[in-house]
Amino acid sequence: MVPGTVNELSDHDRMILDLEKTASSAAAREALCRRIDLPPEKYTVVLQGLVDTDAAYSYAPDVVERVRQLRAEGFAFERRQGRWKNRDAW
């Protein structure tokens, strides 16, 4: 396999990215989680890790950019709320 190519993605990774390409509902996500034996509460964690890979970007750049943008907006909101002030204490 060549690093950063779609060949690095598992079938499950592709299914997650394909689901995110559509206007997915919570029910669709839960159905996919059952199908690939992924606890529903771990779906977002897996997706967040997946969008940080070059392979995911090669496969679904629109999904990766959207998820990264939403994550950045969430971090910015947390900073504005002052929830990151004592981060060094962690």
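Is aspartate 18 buried, partly exposed or exposed, and what is its relative accessible area? Aspartate 18 is partly exposed, because its relative accessible area is 31%.

The model is predicted, so local features need pLDDT of at least 70 and side-chain atom pairs count only at pLDDT 80 or more, while totals for chains, interfaces and linings use all residues. Residues are numbered from 1 along each chain as its sequence is written, and side-chain values use heavy atoms, with hydrogens and water left out.

The protein holds 5 helices and 0 strands. Helices (H or I, at least four residues) and strands (E, at least two) are DSSP runs, numbered from the N terminus. From the N terminus on, the order of elements is α-α-α-α-α. Of the 90 residues, 24% count as buried. Contacts were also examined by separation along the chain, where contact means heavy atoms within 4.5 Å. Among contacts between residues at least 6 apart in sequence, 44% join residues at least 24 apart.

Two packed helices are described by the angle between their axes and the distance between the axes. Helix α1 (residues 11-21) packs with helix α2 (residues 26-36) at an angle of about 170°. Their axes are 11 Å apart. Axes are lines fitted to C-alpha atoms, for helices over the stretch in contact, and angles run from 0 to 180 degrees between N-to-C directions. The two helices are therefore roughly antiparallel to each other. The classes are as follows: under 35 degrees is roughly parallel, over 145 roughly antiparallel, 65 to 115 roughly perpendicular, and the rest oblique. On the α1 side, the contact is made by His12, Met15, Ile16, Leu19 and Glu20. On the α2 side, Ala28, Arg29, Leu32, Arg35 and Ile36 take part. These residues divide into 6 nonpolar, 1 polar and 3 charged. Here Ala, Val, Leu, Ile, Met, Phe, Trp, Tyr, Cys and Pro count as nonpolar, Asp, Glu, Lys and Arg as charged, and the others, Gly among them, as polar.

In soluble globular proteins, nonpolar side chains tend to be buried together. Leucine 17 is in contact with Leu9, Leu50, Ala56, Tyr59, Ala60 and Val63, leaving aside its neighbours within four places in sequence.

Charged pairs come next. The structure holds 5 salt bridges. A salt bridge is a side-chain nitrogen of Lys or Arg within 4 Å of a carboxyl oxygen of Asp or Glu. Aspartate 18, in helix α1, forms one with lysine 21, the closest N and O atoms being 3.6 Å apart. These two residues are separated by about one helical turn, because they are 3 residues apart in α1. Lysine 21 counts as partly exposed, at 41% relative accessibility. The C-alpha atom of aspartate 18 is also 8.0 Å from that of alanine 60, 42 residues apart along the chain.

Glutamate 20 also lies in helix α1. Glutamate 20 is buried, with a relative accessible area of 4%. Leaving aside its neighbours within four places in sequence, glutamate 20 is in contact with Arg29, Tyr43, Leu47, Val63 and Arg66. Its side chain meets that of arginine 66 in a salt bridge (3.5 Å, N to O). This pair links distant parts of the chain, since arginine 66 sits in helix α5 (residues 61-80), 46 residues from glutamate 20. Arginine 66 counts as partly exposed, at 36% relative accessibility. Glu20, Arg29 and Arg66 are linked in a network of salt bridges.

Arginine 71 forms a salt bridge with aspartate 52, with 2.7 Å between the closest N and O atoms. Arginine 71 lies in α5 and aspartate 52 in the loop between α3 (43-50) and α4 (54-59), so the pair ties together parts 19 residues apart in sequence. Arginine 71 is partly exposed at 22%, and aspartate 52 is partly exposed at 46%.

Aspartate 37 lies in the loop between α2 and α3. Its phi is near 60°, a positive value in a residue other than glycine. At 70% relative accessibility, aspartate 37 counts as exposed.

Notes. Buried < 20%, exposed > 50% of the residue type's maximum accessible area, 1.4 Å probe, protein only.
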